[in-house]
Amino acid sequence: MATMPKKKSLTAKRVLSLFLAYVLLCLAGGVVTSAFFLPAVFASNNVVRAIVPSLQVEGIDFNVTDLPQQSRLYASDGTTQIGTFYAQNRIVVPLKKISKPMRQAVVSREDRRFFRHAGVDIQGVMRAFVATYVKKGATQGGSSLTQQYVKNVLLMQAIEDDDSIAQYHATEDTIARKIREMLISVQMEKKYSKAEILQGYLNIAQFGNNLYGVETAAQRYFSVSAADLNVVQSATIAAITKNPSLYDPLVEENQKESENQRNIVLKLMLQEGYITQDQYTEAVNTPLKDTLKVQDVNVGCQDTGDYAYFCDFVVHRIQNSEEFGKTRAERNKLLQEGGLKIVTTLDVEANSTMMETARNTIPPDDPSGMEIAMAAVKPGTGEVLSFGLNR
């Protein structure tokens with residue numbers, strides 16, 4: 001009596017093996033050509049119905065200028081910063097304003113074959129597959145830098161849309177998510193240049209506690225712009241993104257491991273020929289703590305000193321003015337994520353004089369508890385120049 005063959009179960013090994021064959025087709029003949037083979041390759045894959053639509057890059061915004069960025073509030077001189085506002089602490093910069101060592105450090109750490117693959121690093125995937133499923137070791141991702149960029153964008157979009165289900169699917173530890181990222185990455189590399197993808201990654205990746213993008217990290221850790229990052233500084237920042245909470249060099253108990261991870265990046269940069277042996281030796285022998293020059297970041301108006309009242313006045317004007325958005329929620333979003341440079345009417349000298357006058361008239365700790373408040377307004381225009389309060 002003949003028996004029906006048992007249906008093969010959809011194991012992680014089988015899914016990944018099938019997918020590797022598919023990726024090879026993608027890289028050899030393009031997504032459009034290889035899509036012809038999809039029904040045969042994935043016939044038994046129930047999960048594929050949810051994956052195939054992700055072949056389309058359309059509908060996903062990869063424009064780096066649309067990333068949430070911090071907004072800054074300035075006095076009338078355009079240079080004296082009053083306050084900073086952000087949901088994600090990020091300053092977007094073009095690739096040309098990111099130093100060459102910083103670019104090289106990230107490529108060395110995250111994806112040394114970045115400039116040679118077509119969105120998916122087959123060698124990396126094979127290595128991760130063997131290490132995870134054959135040798136039964138710790139789970140490894142094998143993600144290319146392009147895939148990591150895709151993952152970050154999908155997560156960012158889900159957060160922006162307040163879509164908890166999409167957030168889960170963007171971060172779930174499944175083969176399905178990996179496949180989706182790979183398929184989108186292959187398409188991305190057909191639409192965008194390597195420079196555009198690297199620029200996007202360097203601006204979206206997390207490099208510390210609520211630090212996003214290399215410009216913000218450079219200013220925070222070293223008080224320089226991303227354009228001026230040297231080899232040691234670049235390696236330090238590039239090391240953080242693997243585990244921002246454990247490798248943040250500003251946390252004292254993390255500094256030993258942060259330095260160790262920095263040195264790993266330096267070793268990779270040496271192996272890739274980005275730095276010389278002498279540069280490597282000098283860099284690894286430089287104590288990490290001696291390289292830090294921390295720049296404090298004050299968020300909102302509460303830590304802006306004598307500018308606090310004026311700052312609060314401006315924020316309320318933005319929140320209540322329809323020219324900044326139809327709803328209060330839209331206006332808050334613009335302030336927190338819009339990357340605005342807000343130049344106000346504040347006169348720094350006048351504000352200092354009025355604050356001093358108010359405190360000298362009635363000291364803040366006066367037992368009477370009386371308060372004094374003054375405002376200077378420019379005649380004819382109504383521009384508010386300063387406030388004076390004894391608090």
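Reader: Which residues lie nearest the centre of the second largest pocket?

Author: This is a predicted model, in which local features need pLDDT of at least 70, side-chain atom pairs count only at pLDDT 80 or more, and totals for chains, interfaces and linings use all residues. Residues are numbered from 1 along each chain as its sequence is written, and side-chain values use heavy atoms, with hydrogens and water left out. A pocket is an open set of points on a 1 Å grid over the protein atoms alone, where a 1.4 Å probe fits and protein lies on both sides within 12 Å along at least five of seven lines; its lining residues have an atom within 4 Å of a point. The second largest pocket is lined by 16 residues, and those nearest its centre are F313, V314, R317, T344 and T345.

Reader: What is the volume of the second largest pocket?

Author: Grid points are joined across faces, edges and corners, and a volume is the space filled by probe spheres set on the points. For the second largest pocket this gives about 330 Å³.

Reader: Which element supplies the largest share of the lining of the second largest pocket?

Author: Elements here are DSSP runs numbered from the N terminus: helices (H or I, at least four residues) and strands (E, at least two). Two of them, β3 (341-343) and α17, each supply at least two lining residues. The largest share is 5 residues, and it comes from α17.

Reader: How many residues in the lining of the second largest pocket are charged?

Author: Asp, Glu, Lys and Arg count as charged; Ala, Val, Leu, Ile, Met, Phe, Trp, Tyr, Cys and Pro count as nonpolar; the others, Gly among them, count as polar. The lining has 9 nonpolar and 4 polar residues, and its charged residues number 3.

Reader: Which residues does the disulfide join?

Author: A disulfide is a pair of cysteine sulfur atoms within 2.5 Å. The structure holds 1 disulfide. Its S to S distance is 2.0 Å, and it joins C301 to C311.

Reader: How many residues apart in sequence are the parts that the disulfide ties together?

Author: With -70° about the S-S bond, the link of C301 and C311 is left-handed. C301 lies in the loop between α16 (288-291) and α17 (308-319), while C311 is in helix α17, so the parts tied together are apart in sequence by 10 residues.

Reader: Are C301 and C311 buried or exposed?

Author: The classes use relative accessible area with a 1.4 Å probe and protein chains only: under 20% is buried, over 50% is exposed, and in between is partly exposed. By this rule, both C301 and C311 are buried.

Reader: What percentage of the residues of the protein count as buried?

Author: The protein has 19 helices and 5 strands. Of its 391 residues, the buried part is 47%.

Reader: Which residues of helix α18 are buried?

Author: Helix α18 spans residues 328-337 and is followed by G339, whose phi is positive, near 65°. Its buried residues are covered by elements that include β1 (71-74), β2 (81-85), α7 (145-160), α17 and β3. Those buried residues are R331, L335 and E337.

Reader: What is the relative accessibility of N210?

Author: N210 lies in the loop between α10 (194-204) and α11 (214-222). Its phi is near 55°, a positive value in a residue other than glycine. N210 counts as partly exposed, with a relative accessibility of 27%.

Reader: Where does S223 lie?

Author: S223 has a positive phi of about 55° although it is not a glycine. At 30% relative accessibility, S223 counts as partly exposed. Its place is the loop between α11 and α12 (231-240).

Reader: Which residues does Q88 touch, not counting residues up to four places away in sequence?

Author: Contact means heavy atoms within 4.5 Å. Q88 lies in the loop between β2 and α5 (100-110), and it is buried, with a relative accessible area of 12%. Not counting residues up to four places away in sequence, Q88 touches P68, Q69, Q70, M156, N210 and Y212.

Reader: What separates the C-alpha atoms of M355 and S386?

Author: M355 is found in helix α19 (residues 348-361) and is buried, with a relative accessible area of 1%. Beyond four places in sequence, M355 touches D306, Y309, F387, G388, L389 and R391. M355 and S386 are 31 residues apart along the chain, and the separation of their C-alpha atoms is 8.7 Å.

Reader: What separates the C-alpha atoms of N390 and A358?

Author: N390 is in the segment after β5 (384-389) and counts as buried at 2% relative accessibility. Leaving aside neighbours within four places in sequence, the contacts of N390 include A358, R359 and I362. N390 and A358 are 32 residues apart along the chain, with their C-alpha atoms separated by 5.0 Å.
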